[in-house]
Amino acid sequence: MERNRYTPTVPAQIGYMVRWFAEWSELQRGDFLPILVQIFGNKGYLNGLITGMENLKHEEGKHLSLFQCRIKLFHEWSENWDDNEKEQLLSLIKSVDEDFIAKYEEEIKKRAEVKDRDADATNGYDIVNGTEVEPV
């Protein structure tokens, strides 16, 4: 017998995330930042950050914390969000903590710079395929 699982609507998911974010401590917000960057940033380099799902691994016999459960839900939910819904979440989080969003934007900027620097370092050479590529 398959159990039905309740999944809230996307607006409800975003609402939950904003409420949870407002409840989180500075430390938890700091833990959430690299996860948000990883999921919402363009899938480039993590700049040394550990992925969010790796942080959710727990020892046998131990339960996830409430924070970890909420991050797990965020991972599941955000996979189905479009760019407008992601922007809505960022906007609502900004209304709670502008400094957090400034840190988020700085991390996104750093990732873009690393990606650009690495692209420049290949000098028109496709490292994976071992061929020259046309400049864009």
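This is a predicted model: local features need pLDDT of at least 70, side-chain atom pairs count only at pLDDT 80 or more; totals for chains, interfaces and linings use all residues.
**Exercise 1.** Work out whether Phe 74 counts as buried or exposed.

*Solution.* Start with the cut-offs: buried means under 20% relative accessible area and exposed over 50%, with partly exposed in between (1.4 Å probe, protein chains only). Phe 74 comes out at 0% relative accessibility, so it counts as buried.

Residues are numbered from 1 along each chain as its sequence is written, and side-chain values use heavy atoms, leaving out hydrogens and water.

**Exercise 2.** Classify the ring pair of Phe 21 and Trp 24.

*Solution.* Rings of Phe, Tyr and Trp (its six-membered ring) pair if their centres lie within 6.5 Å; planes under 30 degrees apart are stacked, over 60 edge-to-face, and the rest tilted. The structure holds 13 such aromatic pairs. For Phe 21 and Trp 24, the centres are 6.1 Å apart and the planes sit at 65°, so this pair is edge-to-face. Both residues, Phe 21 and Trp 24, are buried. Now repeat for Phe 74 and Trp 81: 5.9 Å centre to centre and 75° between the planes, again edge-to-face.

**Exercise 3.** Which residues do ring pairs link into a cluster?

*Solution.* Follow the pairs from ring to ring: Phe 21, Trp 24, Phe 32, Phe 40, Phe 67, Phe 74, Trp 81 and Phe 100 end up in a cluster.
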